[in-house]
Every structure is written in structure tokens, then in C-alpha cells.
Amino acid sequence: MKVRILKGTNQIGGVFTEISSKEAKIIIDFGDDLDGVKRLENIEGLTTGKPVYDGVLITHNHQDHMGRIDDILDDVPVYMSDLSRKIFETVFCFAKNKGKIHRKTINLEEEKTITIKDMKITPYIVDHSAYNSFMLLIEAEGKRILHTGDFRNHGYKGSLLENTLKKIGKIDLLITEGTTLSREQVKSKTETELVDDIVEKTKNYDQVLMLMSTTNIDRVTTMQRVANKTGKTVIHDIVLSNVLQLVTQKIPNALNSKNVGVYLPGSVYIKRDKEEYKKYIEPFKERINETGKLLHGKFIMNIRVSMLKDIERLKDKVLNNCCVVYSMWEGYQKEEIYKKFLNKMKELNIDIYSLHVSGHADYTAFNQVIEITKPNVVIPMHTENKEKIKDFTDKAVILEDMEAFNF
Ligand SMILES: [Zn+2]
Ligand SMILES: [Zn+2]
């Protein structure tokens with residue numbers, strides 16, 4: 001078999017991997033670079049020319065793993081979880097110039113093996129900051145490759161990792177994400193510990209605004225737990241309210257709990273009568289009306305940078321003892337839109353706290369995967385410091401982008 005990291009041996013995000021057997025040739029993930037610059041480099045047989053790939057498999061719905069799937073030739077099948085696709089489309093229906101996936105995709109489901117020529121591929125659910133993320137086990141020619149995608153063991157599903165890896169068993173080759181290899185090697189805080197940190201910092205505020213990713217469902221649970229511990233009501237914005245209808249009903253949401261409100265941001269309000277938005281707003285109409293009252297009590301609400309005008313407007317009326325919790329990757333703060341947002345918060349005299357835990361594997365997670373699956377070869381990717389993997393294994397093979405490894 002042959003493995004090539006086409007992109008991702010020296011960067012986080014925008015990654016894609018090629019795996020070839022005697023008969024089949026597949027790609028895993030096809031995303032945009034994290035710097036937000038849309039790069040349109042063509043890949044022969046994937047985005048241009050005669051198709052040479054038998055399939056593209058998407059591990060999860062983060063932009064840096066799936067952002068380019070519309071560039072893939074029509075004749076190359078793309079496999080992606082229908083649920084992950086729906087979540088992505090719901091979130092980005094509300095964002096400008098993004099969102100719609102135009103091409104057909106074939107559903108990928110947890111532990112349902114698909115066959116592509118002589119290759120068998122099995123997705124396993126894994127803990128990550130995107131709901132419904134997969135690790136992929138690829139089997140062909142009597143060999144077994146595990147591609148971790150993005151993963152961790154410190155979220156609410158983290159304890160499942162051990163069992164999943166035991167189920168997978170011994171593998172020949174591990175392709176692992178290495179996001180945190182360039183950072184200080186510390187044990188990551190868990191989502192549960194994050195709850196306590198947020199409670200501690202925000203308990204004396206009446207209004208808490210959580211700047212967070214709408215697809216980070218673990219963080220929604222964290223927000224709910226903070227609310228329970230600090231006697232606040234939870235308010236979800238209209239986007240999150242819709243996303244929660246697609247995922248677990250275990251988290252209180254505006255339709256299954258009278259204690260949860262729905263906020264309709266001004267930018268959505270002005271588009272409310274457009275056909276594509278109606279289906280997202282209609283089910284929540286009554287709850288949106290009732291939320292007006294909740295805004296005058298103590299509450300915690302998720303926000304997005306696009307809600308800047310809403311916050312300015314609410315500042316005059318209800319936000320009299322308010323803080324913002326920045327609960328995302330620090331790196332986004334370099335982007336203009338985040339800088340502008342955070343500066344505005346300072347201008348409005350709103351306190352800001354950075355409280356977040358990473359969606360990525362820390363050293364305990366690397367050790368766990370390597371110990372349980374006992375790979376003969378470990379290839380790091382999705383990293384800015386691939387050499388560092390040697391601290392965890394003497395089986396490391398360090399590749400450059402496009403370089404082939406045959407085994
Ligand atoms: Zn990623
Ligand atoms: Zn990710």
C-alpha cells in the first residue's frame with residue numbers, strides 16, 4: 001500500500017491524505033487552509049482532468065477538512081455523514097458567501113463498513129469539537145491503517161476512546177493528527193474542568209455571552225452546566241437552536257424545554273421572510289417572542305462575531321453587568337473580524353475572559369492511541385511540529401507533503 005499526505009505535514013488545517021492499494025485510490029478530507037485564504041490548487045484526477053480517485057472520505061464537518069468538496073470532480077464519489085452535512089448547511093445558511101454544498105454525498109455511518117474496490121473502510125465516532133467526528137480504519141491487502149482525523153480524549157465523549165481503540169485493535173500504520181505537537185506538552189483540561197473555570201470567572205455577572213463555535217456541541221453542554229450552577233437561564237441564538245434539533249435531545253433546547261430561550265439576531269430578522277430562512281425560524285416563533293422577558297433576567301447566551309450590532313443594541317437595554325467568554329481557538333483572534341469584535345467589547349466596557357479547551361489530542365491521547373493500537377509505523381500530519389511525534393514513539397516516519405510511503 002502507499003500513503004501520501006498531499007497537504008498537511010507542515011500545517012494545521014487544509015489537510016488531505018491519499019491512500020492507495022493495488023486496486024483503489026482514495027482521499028481522506030479536503031479542506032480549506034485555516035488562514036481563511038481560499039486556495040484553489042488543482043489536483044490531477046481529483047479536481048481536474050480524468051478522475052483517478054475512487055472516493056473522498058470526510059472525517060468531520062470542520063471547514064479545514066471539508067471546505068473544498070465542491071471542487072471535486074463529479075465522477076469522484078464523496079462520502080460524508082448526512083448528519084454532519086446537515087449541521088454544516090444549517091450553520092452556514094446564516095453566514096455570508098458560504099454554506100451550501102452543491103455536490104452529492106454518500107452517507108457515512110458509525111461502524112458501517114463501506115467497500116471501495118479492494119479496500120474496506122470503517123468509521124468510528126471519536127471525541128472532537130465537531131459533533132459526529134470519525135476516525136477511519138482502512139483495510140486492504142491484509143494491512144490495517146488508522147487515520148485519526150481530529151480527535152481528543154478530554155471532551156464529554158473522551159472516555160469512549162479507549163473502548164473504540166480496543167475494538168479497532170492492532171494496526172499496521174497510524175496516521176495521526178498532531179495539532180498540539182507545536183505547543184507546550186501539558187495535559188489538556190477537560191470540558192468538565194472548563195465548567196468550573198467559567199463558573200468561577202462569571203458567577204458575579206448577570207449576563208454572560210459565550211463567543212463560541214455553533215458546531216461545538218460539547219461547549220453547549222458546558223454552557224448549560226454553567227447556567228445550572230450559577231442560576232442563569234440559557235438562551236441559544238437561532239442558529240444553535242436549529243443545530244440542536246439535529247443532534248442529541250439530551251441537551252435542553254428551546255423546543256424541548258421551557259427554560260431555554262431563542263434569540264433572533266438582527267441580521268437574521270431582516271431576512272426572516274426569505275424562503276430559505278422561514279423553515280429555520282417558523283418552529284421557534286413563539287419561543288422567540290417569549291425570550292424578550294428572559295433577556296431581563298440573568299442569562300448565558302452563545303454569540304457569534306456577526307452579532308456585534310445586537311450586542312451594541314442590547315448594551316443600552318439589558319446588558320448592565322455583562323461579560324464575554326471567548327471560548328474558541330486563540331488563533332482566530334488574529335483575524336480582522338475577531339479583532340474588531342473584541343475591541344468593540346472593550347469600548348463598551350464589557351469584560352472579556354478567554355476560557356477554552358482544545359478540540360485536539362494532548363500527549364495522553366497520543367500515548368493512548370499508540371499503546372492500544374500498537375502501530376508499526378506512525379505518520380504525523382495536521383501539525384506544525386511533526387518531529388515532536390518522536391517523543392511518543394520510535395516508529396515515527398516523517399514525511400513531507402506529496403512524499404510517498406510504501407509498505
Ligand atoms: Zn482540523
Ligand atoms: Zn476539526
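A residue is termed buried if 20 or more other C-beta atoms lie within 10 Å of its own, exposed if 12 or fewer, and partly exposed in between, with C-beta atoms placed from the backbone. The structure is a predicted model, in which local features need pLDDT of at least 70, side-chain atom pairs count only at pLDDT 80 or more, and totals for chains, interfaces and linings use all residues. Residues are numbered from 1 along each chain as its sequence is written, and chains are lettered from A and ligands numbered from 1 in the order in which they are written.

**View 1. Helix α5 (residues 217-230) and its surroundings.** Helices (H or I, at least four residues) and strands (E, at least two) are DSSP runs numbered from the N terminus. In α5, the buried residues are I217, D218, R219, V220, T222, M223, Q224, V226 and A227. These buried residues pack against α4 (191-202), β11 (207-211), β12 (233-237), α6 and β14 (299-303), where contact denotes C-beta atoms, placed from the backbone, within 7 Å. Just after α5, G231 has a positive phi of about 65 degrees.

**View 2. Packing of helix α2 (residues 82-93) with helix α6 (residues 238-246).** The angle is about 165 degrees and the axes are 9 Å apart, the axes being lines fitted to C-alpha atoms over the stretch in contact and angles running from 0 to 180 degrees between N-to-C directions. α2 and α6 are therefore roughly antiparallel, a term for angles over 145 degrees. L83, K86, I87, T90 and V91 of α2 meet V239, N242, V243 and L246 of α6.

**View 3. I398 in the loop between β17 (377-381) and β18 (404-406).** I398 counts as partly exposed because it has 14 C-beta neighbours inside 10 Å. Leaving aside neighbours within four places in sequence, I398 is in contact with K386 and E387. The C-alpha atoms of I398 and E387 are separated by 6.9 Å.

Definitions and conventions. Angles under 35 degrees count as roughly parallel, over 145 as roughly antiparallel, 65 to 115 as roughly perpendicular and the rest as oblique. Two residues are in contact if their C-beta atoms, placed from the backbone, lie within 7 Å. The expected span of a helix is 1.5 Å times one less than its number of residues.
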